[in-house]
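Me: I would like to go through this structure by question and answer. Please end each reply on the value or name I ask for.

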Protein chains: 2
Amino acid sequence: MPNPTAAMLVIGDEILSSRTRDSNLHHLAGQLTAHGIDLKEARVVSDDRAAIIDALRALSSSYDHIFTSGGIGPTHDDITADAVAEALGVSIDVRDDAKAILMAYLESRGSEATPARMRMARIPAGATLIDNPISAAPGFTLQNVHVCAGVPRIFEAMVAGVLATLAHGEPLLSQTLRVERPEGEIAGPLGELAARFPDLSIGSYPFSQDGVFGANIVVRGHDGAAVTAAMMELGQIFPEATA
Amino acid sequence: MPNPTAAMLVIGDEILSSRTRDSNLHHLAGQLTAHGIDLKEARVVSDDRAAIIDALRALSSSYDHIFTSGGIGPTHDDITADAVAEALGVSIDVRDDAKAILMAYLESRGSEATPARMRMARIPAGATLIDNPISAAPGFTLQNVHVCAGVPRIFEAMVAGVLATLAHGEPLLSQTLRVERPEGEIAGPLGELAARFPDLSIGSYPFSQDGVFGANIVVRGHDGAAVTAAMMELGQIFPEATA
């Protein structure tokens, strides 16, 4: 059975204006790879309702799981929850269980339950809450869309919570060989090898270091025996290579 | 006149598998912001012909400029040039000027002109070459798509080359105010301010530092007078704030 597929949608003007450097994509990619879910695509859009809705509809109909980051705070530009509800055609309102979680947290800190904060209890109909162990305001899963906070610490905690509920696929196995020859010389034999192993992903990542041109050859796949067989052939083609 | 718009397409399995952390998006976002071109969207896709073509068609019909990174090296998984040609409906073949550039570079290094290396001289019909001052193999601009290398040093040089040929828009101006109050308390007045300045982007980026909860409020826009007016109002709303 093929692995489940996933996509990520990063929401926020601050990424596209370069104010903030996104780190959530790299984190999610690593977690999904380890969990055996194949991350196929990522998109970054601004805090624009139409842009979020268009991207959500395209991604949620194409992949098994969509993870979003950003836009679920208390301010006027936090419009992700409403956009998700509209994209998936359900209503949205303040929900009692989310409100109770927020109120308990605010009371414990002596903070006021402002209308802005209560916006964080708006949850689309039919969604399941995602626990936020850092600052209480929950994320949610609606159909195949997992809506997470943008702050990296909270995003990471929410992803861990979601992944604990999802079936593992076959983890993607990966082996690397370092060859100190320019990529233009290894490309020919590498292409032939890739053609013989169509179910593996064989990538080549060039480097230059202290005047030496080389490449790291990375063999990835779900079938451990095939990965090993390809690595052994690589060792014969490039006997000088190092792991 | 509104600023030109742009999108980025990052091509590469290595980003989606977490082997490599992309840095080109953040770099491009900063350069475009400074140049007065509004980056509206970014996508990351794998080294998959259909995925690249679908994304290119969607982006190139929606934005003024598309920058791609990755997939123009000599190996079998470098399929960007062919995918761009197919997406935009033009033919592709080895082109004499690109070949001459590559041959001169290879000769100067005493390297062999392997068939794999000659793939890097495949250029879609009608494209303009983008200079590669690092390792010679050129990028190219076809219609509104600027095809650049994925290696960050080369990507950055190619982006600089392309931007030198594009008209400047109004640079996006940005001012920041630091408020040591939790985001839930500033969200109300901030939303009212944003409603009064619809042409500005007013964002709030929460932080917690040494037990203090606060937010950086960022006002962005092309109209300097409006940015200043909004900042002055912010100073009245939050008199304790610091720049």
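**Salt bridges and the chain contact**

Reply: This is a predicted model. Over all chains, the count of salt bridges comes to 15.

Me: Which side chain does A:R49 meet in a salt bridge, and which parts does the pair tie together?
Reply: A:R49 lies in helix α3 (residues 49-60) of chain A, and its partner lies in helix α4 (residues 80-88) of chain A, so the pair ties together parts that are 37 residues apart in sequence. The N to O distance is 2.7 Å. The partner is A:E86.

Me: How many salt bridges are there between chain A and chain B, and which residues form a salt bridge there?
Reply: Between chain A and chain B the count is one salt bridge.

Me: What is the area buried between chain A and chain B?
Reply: The contact takes 56 residues from chain A and 56 residues from chain B. Carbon and sulfur atoms give 56% of the buried area. That area is about 4300 Å².

Me: How many residue pairs are in polar contact between chain A and chain B, and which element gives the most to the side of chain A that touches chain B?
Reply: With both residues at pLDDT 80 or more, the count is 14 residue pairs in polar contact. Elements of chain A that each supply at least two residues of the side touching chain B include α2 (24-35), β2 (38-45), α8 (183-196) and β10 (201-209). The element that gives the most, with eight residues, is α8(A).

Me: How do the residues on the side of chain A that touches chain B divide into nonpolar, polar and charged?
Reply: This side of chain A draws on helices such as α5 (96-109) and on strands such as β11 (212-221), among them. Its residues divide into 22 nonpolar, 19 polar and 15 charged.

Me: How many bridges join β2(A) to β2 of chain B, and which residue stands opposite A:A42?
Reply: The two strands run antiparallel, and five bridges join them. In β2(B), the residue opposite A:A42 is B:V44.

Me: What rotation superposes chain A on chain B, and which residue of chain A comes closest to the axis?
Reply: The rotation is 180 degrees, with 0.0 Å of shift along its axis and an RMSD of 0.0 Å. The two copies are thus related as by a two-fold rotation axis. The same surface serves both copies, as 100% of the contact residues of chain A recur in chain B. By C-alpha, the residue of chain A closest to the axis, at 2.1 Å, is A:R43.

Me: Where is B:S91 found, and which residues is B:S91 in contact with beyond its neighbours within four places in sequence?
Reply: B:S91 is found in the loop between α4 (80-88) and β4 (92-94) of chain B. Leaving those neighbours aside, its contacts are B:A85, B:P124 and B:A125.

Key
Residues numbered from 1 in each chain as written. Chains lettered and ligands numbered in written order. Predicted model: local features only at pLDDT ≥ 70, side-chain atom pairs only at ≥ 80, totals over all residues. Heavy atoms only, no water. Contact = heavy atoms within 4.5 Å. Buried area = accessible area lost by both parts, 1.4 Å probe. Salt bridge = Lys/Arg side-chain N within 4 Å of Asp/Glu carboxyl O. Polar contact = N/O pair within 3.5 Å; in protein donor to acceptor, adjacent residues only side chain to side chain. Nonpolar A, V, L, I, M, F, W, Y, C, P; charged D, E, K, R; others polar. Pairing = 2+ DSSP bridges. Least-squares fit on C-alpha atoms with pLDDT ≥ 70 in both.
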